[in-house]
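My entries follow in the order I made them.

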Amino acid sequence: MWMYHALKVVDLMETLFFILRKKNNQVSFLHVYHHAGMVLHTALYAKFGPGTHTVVAGSLNCLVHTVMYCYYFMTHMWPEYNHKLWWKKHVTHVQMFQFFLLMLQNLPTILWKDCQYPVILGGELFIQNCVLFTLFANFYVKAYLKKKSV
């Protein structure tokens, strides 16, 4: 869990690099909220709720980031194929699906009295994944569904 937390600190450093490179268009509320929140939340989970429940969430998140960074790697290494990579918007689908699965995973921690996982952490995880799902869905609508004005 602490290694996963360290990985989220590295992800947050990406925001700092964007700012230092004056790429402020890449520093959105979604980006800052997600990365800053992940640093805070992973520290809380590592301290107060380590175990299989949290490891499942972290493993799923690592899998999603692998897909996302493969896409970024390919578009950086071969920019001429950027428009031919059909799965850009599907990366956001995968992220949203992850948040949906994590909402489902955290429901038992809230609803079942005999669940071993701390209710406060499960509830917080449920709310956090609802917020992230909503923010990513909003991004998806703006980026892929709304007509661009010319």
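**Helix 3 against helix 4.** I began with this pair: H53, V56, A57, L60, N61, V64, V67, M68 and Y71 in helix 3 meet K88, V91, V94, Q95, Q98, L101, L102, Q105, N106 and T109 in helix 4. Contact here means heavy atoms within 4.5 Å. I sorted these residues by class and got 11 nonpolar, 7 polar and 1 charged. In this scheme Ala, Val, Leu, Ile, Met, Phe, Trp, Tyr, Cys and Pro are nonpolar, Asp, Glu, Lys and Arg are charged, and the others, Gly among them, are polar. The two axes come within 10 Å and cross at roughly 175 degrees. That angle makes helix 3 roughly antiparallel to helix 4. (Under 35 degrees counts as roughly parallel, over 145 as roughly antiparallel, 65 to 115 as roughly perpendicular and the rest as oblique.) Axes are lines fitted to C-alpha atoms, for helices over the stretch in contact, and angles run from 0 to 180 degrees between N-to-C directions.

**Ground rules.** I noted that this is a predicted model, where local features need pLDDT of at least 70, side-chain atom pairs count only at pLDDT 80 or more, and totals for chains, interfaces and linings use all residues. Residues are numbered from 1 along each chain as its sequence is written, and side-chain values use heavy atoms, with hydrogens and water left out.

**Overall layout.** I found 5 helices and 0 strands in the protein chain. The order from the N terminus is α-α-α-α-α. Helices (H or I, at least four residues) and strands (E, at least two) are DSSP runs, numbered from the N terminus. The C-alpha trace spans about 55 × 30 × 25 Å along its principal axes.

**Helix 1 against helix 2.** The axes of helix 1 and helix 2 (residues 29-48) come within 9 Å and cross at roughly 160 degrees. Helix 1 is therefore roughly antiparallel to helix 2. On helix 1 the contact includes W2, Y4 and F18, and on helix 2 it includes H31, M38 and K47. By class I have 11 nonpolar, 5 polar and 4 charged residues.

**Helix 1 against helix 3.** How do the axes of helix 1 (residues 2-20) and helix 3 (residues 52-77) cross? They come within 12 Å, at roughly 35 degrees. Y4, L7, K8, D11 and E14 of helix 1 touch G58, N61, C62, H65 and Y69 of helix 3. The class count is 4 nonpolar, 3 polar and 3 charged.

Next I checked for voids. I used a 1 Å grid over the protein atoms alone: a cavity is a set of points where a 1.4 Å probe fits but cannot get out, and a pocket is an open set with protein on both sides within 12 Å along at least five of seven lines. Lining residues have an atom within 4 Å of a point. Grid points are joined across faces, edges and corners, and a volume is the space filled by probe spheres set on the points.

The structure holds 1 cavity of 30 Å³ or more. The largest cavity has about 190 Å³ of space. It has 18 lining residues, with Y4, M38, A57, L102 and L125 closest to its centre. Helix 2 gives the largest share, 5 residues.

The largest pocket holds about 1,300 Å³. Of its 32 lining residues, F18, Q26, H31, Y72 and F139 are closest to the centre. Helix 3 supplies the largest share, 8 residues. The pocket lining divides into 14 nonpolar, 13 polar and 5 charged.
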